[in-house]
Amino acid sequence: MAITARALNRSTLARQLLLGRESLDVVDAVRRVVALQAQHPASPYLALWNRIGGFDPAGLDAAVAGFQAVRSTLMRITLHMVHAADYPAFREAVEPTVRASRLGSRFTASGLTPDDADALVPDLLTYADRPRTSAEIRGWLDERVGAPREPVTWRLLRQYAPLWHAPVGGPWSFGTQQAYVAAAGTQPVLTGPDAAAVGLQTLIRRYLEGFGPASVADMAQFALVQRARVRTAVRALADELEQLEGPDGTVMYDIPGAPRPAEDTPAPPRLMAMWDSILLAYADRSRVVPPAYRKHVTRVNGDVLPTLLVDGYVAGVWRPVDGGIEAGAFHPLPDHVWQGLAAEAGSLTTLLADRDPRVYSRYGHWWTKGLPAAETRLLPGP
C-alpha cells in the first residue's frame, strides 16, 4: 500500500491531536502524543493548549507535581516530557546514546571514568529519594569522590543518571533553579544490551502510535539511535507492524488500524510552541516543515522558533508583543486564515496573561536579525 506526502501530514496531525482539540485529561493527552519537547519550560504547556479542548494549565501543574508527567533527558539527548509509565522503556532504549554522549571525553577529562559513574549512580539515586537541588547533588558528589570537579562533570552525570526534574515553581513548573529526584520504575528486568533492545522495541511502537507512519530513518532520528539498532528492532516487531510505500518509494512502517485520515481532511490553524515535537520527529521534516522554510524555523544554533501552522504545514513564526501576538507569514495568507490565527492568538494571549505574557522573549534576537516574512500582522488579545 502506498501513502502520499499529504496523507503522511494528516496522519501526523491526527495522532498529535492537531486536527481538532480533543476533550482529554492532561495525563491521557501526554500519553497519546508520546513525548513533548521540554527544553523550554513553557513549551509542554503551549503544546497541550494546542491539543486539548479547554486546556487548564493547572492540570499540567498537578500532573508534574504528582510525577505522572515527567521531564528528563531522553530522546535526542534533550529534555522531553513523557508519561511516567513510558519513562522506563524509553530510558532503556536511549541509554546507549545518552551514555556515550554524557560519559565521554568531557566527563573523563575530570579524571573520572564511566565505571566510576556506574559505581556512583545507585547511591546517587538513593540520595535523590526526595527532590535535591543541583547544589545539594554537587556537594554530595564532591564528598563521595574526595575532591571538587568542574561543574560540567556533575551536569553530565545528572543528565546520564535516571533522574526526573522535580518542579520548583514559577510560571511553568520549572525554571533556572533546578531540582532532581530519582526516577521511579527504572530497575529493568533485563540488563545491558537486552534491556536496550527491548526498550527500543517499546519506544518504536509508541513512536508509531504517536507519529507514524515512519521510516527507519525517521525512527532513528526521533530517538537518536543508530539505524542498525532500529532495523533490528523493526525485524523483531515484524508481525506487529504494517509496511507501506512512502511518497518517494521509501519503506515505511505503521501500527495496523492506526488513524490515517484522507489527505483532504481540513487542518485548523495553530500557533505552535518552540521545539514542538512535530517539527523534529522525522528525518524528513518536509512532512510538516516546507524545505524552503526550514532554515528560517530551525536556527543555526538549534533553536526552533514558535511557528504558524496553516493547513498542516509551517507557514511562518510568531512571538508575543505588547498588545497581542505578532505573526509573520512566510507567504501570503487568505483572510479566513488570518481570522483563524487571530482567534488562536486571543486564546493564547489569555493563557499567557496569568503565566508569562512575554514567553520566549529571550529569543527575540532572531527577529532583530531579520526573518523573511511576506506579511506581518499584530493579532490582538481579547
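These legends go with several close-up views of a predicted model.

Residues are numbered from 1 along each chain as its sequence is written, and side-chain values use heavy atoms, with hydrogens and water left out. Because the model is predicted, local features need pLDDT of at least 70 and side-chain atom pairs count only at pLDDT 80 or more, while totals for chains, interfaces and linings use all residues.

**View 1. The whole chain, for orientation.** Let's start with the overall fold: the chain has 15 helices and 13 strands (DSSP runs numbered from the N terminus, with helices being H or I of at least four residues and strands E of at least two). Its radius of gyration is 21 Å, close to the 21 Å from the globule rule for 382 residues, so the chain is as compact as a globular protein of that length. The radius is taken over C-alpha atoms, and the rule is 2.2 Å times the number of residues to the power 0.38. Along its principal axes, the C-alpha trace spans about 65 × 50 × 35 Å. Of the 382 residues, 54% count as buried (under 20% relative accessible area; exposed is over 50%, and partly exposed lies in between, with a 1.4 Å probe and protein chains only). Among contacts with a separation of 6 or more, 69% come from residues 24 or more positions apart (contact means heavy atoms within 4.5 Å).

View 2. All five residues of β2 (residues 69–73) are buried, so the strand is largely enclosed by the rest of the structure. Both faces are covered, with Ala69, Arg71 and Thr73 on one side and Val70 and Ser72 on the other. β2 pairs with β3 (residues 79–83) in the antiparallel sense over five bridges (two strands pair if DSSP finds at least two bridges between them). Look for arginine 71, which stands opposite methionine 81 in β3. Five residues lie between the two strands of this hairpin, and arginine 76 in the turn has a positive phi of about 55°.

**View 3. The open sheet around β3.** Here the three strands run in the order β1-β3-β2, with antiparallel pairing. The edge strands are β1 (36–37) and β2, each pairing on one side only. β1 and β3 are joined by two bridges in the antiparallel sense, and leucine 36 stands opposite methionine 81 in β3.

**View 4. The open sheet of β4, β6 and β5.** Three strands form this open sheet in the order β4-β6-β5, and the pairing is antiparallel. β4 (132–133) and β5 (163–166) stand at the edges with a single partner strand each, so one side of each is left without a neighbour in the sheet. Four bridges link β5 to β6 (residues 179–182) in the antiparallel sense, and tryptophan 164 has valine 181 of β6 as its bridge partner.

**View 5. Arginine 319 in strand β11.** This arginine is found in β11 (residues 313–321), and its 25% relative accessibility makes it partly exposed. Beyond its neighbours within four places in sequence, arginine 319 is in contact with Gly324, Ile325, Glu326, Gly364 and Trp367. Leucine 305 is 14 residues from arginine 319 in sequence, and their C-alpha atoms are 8.9 Å apart in space.

**View 6. Helix α11 and the residue that follows.** Seven of the eight residues of α11 (residues 216–223) are buried, leaving the helix mostly covered. Those buried are Val216, Ala217, Asp218, Met219, Ala220, Phe222 and Ala223. Just after α11, leucine 224 takes a positive phi of about 55°.
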